[in-house]
Amino acid sequence: VGRPLLCHHRSAGAETMTDLAAPMPAATVEPTPEAKRAKWKRWRRRYGLAAFGGAIIVAWIVIAICAPLIAPYPPDFVDVTKRLVPPSAEHWFGTDTLGRDVFSRLVFGARVSLFAGIVVVMLGAAFGTVLGGIAAYAGKHVEEALMRFTDLMLCFPPIILAMAIAAAMGIGTLNTMIAMLV
C-alpha cells in the first residue's frame, strides 16, 4: 500500500527463536554476605526512620492495650498521704498533687491519646481527600476559592488556632479532637 513493512511476514507454523532455545533451569544463587549487608544498609537508610516511628507507635499501642497489666495502681486512686512523692521503686514517676501515681495515669492516658490522635488523623485525611477531589473536579473558580481559604487557614499558627478553638469550646476530649482537626 506504499508504506514500508515494520516486520517481514512469516508463516503461521514457523518456529521462533524462543521456541528453539532450550529451557534454562532457574539459577538459585545465594547472595554474598557483603550483598546482604549492602541491601540491609540501603533498607535502613531508606526506611529506617519510618520503621523506628512505626515501632514507637506499635509499642504505645501495646502499652495502651496492656495498661491494666502494666500499671501498678488504678489511674484514679487518690492517696493524699503520698502527695508529690519523688520517683521511687513504689512510684516509678512519682505522684501528683493528689497522690495519684503518675506512671499509672500515663499508661492509662495512652488509651485516650492514641484514640484521639488516630481519629483526628483519619478525619483529617478523609476531609482533605474530599476537599481535594472537589477542587480538582469542580474547576478553576472553586479550586481558587478553596486555595484562598486554605491560605487563610495556614496564615495562623496552628497551635495558637487550636488553643483558641479549645478555649472557646471548653474542656473535653471531643472538643480537643475538634480543635486539633481544625
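By class, 17 nonpolar, four polar and one charged residues make up the lining of the largest pocket (Ala, Val, Leu, Ile, Met, Phe, Trp, Tyr, Cys and Pro count as nonpolar, Asp, Glu, Lys and Arg as charged, and the others, Gly among them, as polar). The model is predicted, so that local features require pLDDT of at least 70 and side-chain atom pairs pLDDT 80 or more, whereas totals for chains, interfaces and linings use all residues. Residues are numbered from 1 along each chain as its sequence is written, and side-chain values use heavy atoms, with hydrogens and water left out.

The volume of the largest pocket is about 570 Å³. On a 1 Å grid over the protein atoms alone, a pocket is an open set of points where a 1.4 Å probe fits, with protein on both sides within 12 Å along at least five of seven lines, and lining residues have an atom within 4 Å of a point. Grid points are joined across faces, edges and corners, and the volume is the space filled by probe spheres set on the points. Of the 22 lining residues, Phe127, Thr150, Met153, Leu181 and Val182 lie nearest the centre of this pocket. Two or more lining residues are given by each of helices H4 (102-138), H5 (140-154), H6 (158-169) and H7 (173-181); helices are DSSP runs (H or I, at least four residues) numbered from the N terminus. The largest share, seven residues, comes from H5.

The axes of H4 and H7 come within 10 Å and cross at roughly 40° (axes are lines fitted to C-alpha atoms over the stretch in contact, and angles run from 0 to 180 degrees between N-to-C directions). H4 and H7 are therefore oblique to each other, a class that excludes angles under 35 degrees, over 145 and from 65 to 115. Val112, Phe115, Ala116, Val119, Val120, Leu123 and Gly124 of H4 make the contact with Thr173, Met177, Met180 and Leu181 of H7, contact meaning heavy atoms within 4.5 Å. These residues divide into nine nonpolar, two polar and no charged.

H4 also packs against H5, at an angle of about 145° and with the axes 6 Å apart. Here Leu131, Ile134, Ala135 and Ala138 of H4 meet Lys140, Val142, Glu143 and Leu146 of H5, giving six nonpolar, no polar and two charged residues.

For helix H2 (residues 33-65) and H4, the axes come within 8 Å and cross at roughly 115°. Trp60, Ile61, Ile63, Ala64 and Ile65 of H2 meet Leu106, Val107, Ala110, Arg111 and Leu114 of H4. Nine nonpolar, no polar and one charged residues form this contact.
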